[in-house]
Amino acid sequence: MARNLNTKEEHVLLALLRTSNSSDREIGQKLGLSQPTVTRIRNRLERQGIILQCSILPSMSIIGLSIMIFTLVRISNFEARPKIFEWIKNNPKIVFATEGEGLKENLLMISLHPGFNYYQQFLNDFRSKFDKDTNDILTYVVSTNNIIKQFSFETPISEFLGSTLRKRIVTGK
């Protein structure tokens, strides 16, 4: 269930999305809030699960992770899901995974690798463990040298919060 944020919470959240490496004091100065107020808001947003983590986004190609792979899998044996999900959670190459539906598949994994041969090892490991529990593995390979737009949640969240704030002003709720 969505939770409405008050104006100060929205401003702190957006400031953290823009510059997660800023101190609470720096954010407070930009927003006209005290450092303790920003710290309380940040802690509250973390406790409520609104902020999951604050992190940087490094250049994958510069640090040597030259390919990003989108892997779509059809899990055919639903009893194997916990075992598959545990493997995913413990695999450091996977940066994101979720269940969903599309292209006849029901699992999406996004992983980073220094080269295609490393991805082949990753895929062979997955197949050796779960081949009998899955069907149809589709992959989409992306060079980290050719990224057109980096991952960022700032714009869609800012747009959403702006529209909900406008709605609250118009409706008075």
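Me: Which residues do ring pairs link into a cluster?
Reply: A note before we start: this is a predicted model, where local features need pLDDT of at least 70, side-chain atom pairs count only at pLDDT 80 or more, and totals for chains, interfaces and linings use all residues. Residues are numbered from 1 along each chain as its sequence is written, and side-chain values use heavy atoms, with hydrogens and water left out. Rings of Phe, Tyr and Trp (its six-membered ring) pair if their centres lie within 6.5 Å; planes under 30 degrees apart count as stacked, over 60 as edge-to-face and the rest as tilted. Such pairs join these residues into a cluster: W87, F116, Y119, F122, F126 and F130.

Me: How many residues apart in sequence are the parts that the pair of W87 and F130 ties together?
Reply: The structure holds six aromatic pairs. W87 and F130 form an edge-to-face one, 5.9 Å centre to centre with 75° between the planes. W87 lies in helix α5 (residues 81-89) and F130 in helix α6 (residues 116-130), so the parts tied together are apart in sequence by 43 residues. Here helices (H or I, at least four residues) and strands (E, at least two) are DSSP runs, numbered from the N terminus, and the number you wanted is 43.

Me: What is the angle between the planes of F126 and F130?
Reply: Both W87 and F130 are buried, meaning under 20% relative accessible area, where exposed is over 50% and partly exposed in between (1.4 Å probe, protein chains only). F126 and F130 form a tilted pair, 5.2 Å centre to centre. These two residues both lie in helix α6, four residues apart, about one turn of the helix.

Me: In β3, which residue is the bridge partner of V73?
Reply: Strand β1 (residues 67-75) and β3 pair in the antiparallel sense over seven bridges. In β3, the partner of V73 is L107.

Me: Is K104 buried or exposed?
Reply: K104 is found in the loop between β2 (94-102) and β3 (105-113). Its phi is positive, about 70°, although K104 is not a glycine. Most residues other than glycine have a negative phi. With a relative accessible area of 67%, K104 is exposed.

Me: What is the relative accessible area of D136?
Reply: D136 is placed in strand β4 (residues 134-143). Its phi is near 50°, a positive value in a residue other than glycine. D136 is partly exposed, and its relative accessible area is 48%.

Me: Within what arc do the buried residues of α2 fall?
Reply: In helix α2 (residues 24-31), D24, I27 and G28 are buried. Seen down the axis of α2, they line one face of the helix, because the arc they fall within is 100°.

Terms used. Pairing = 2+ DSSP bridges. Arc of directions from axis to C-beta.
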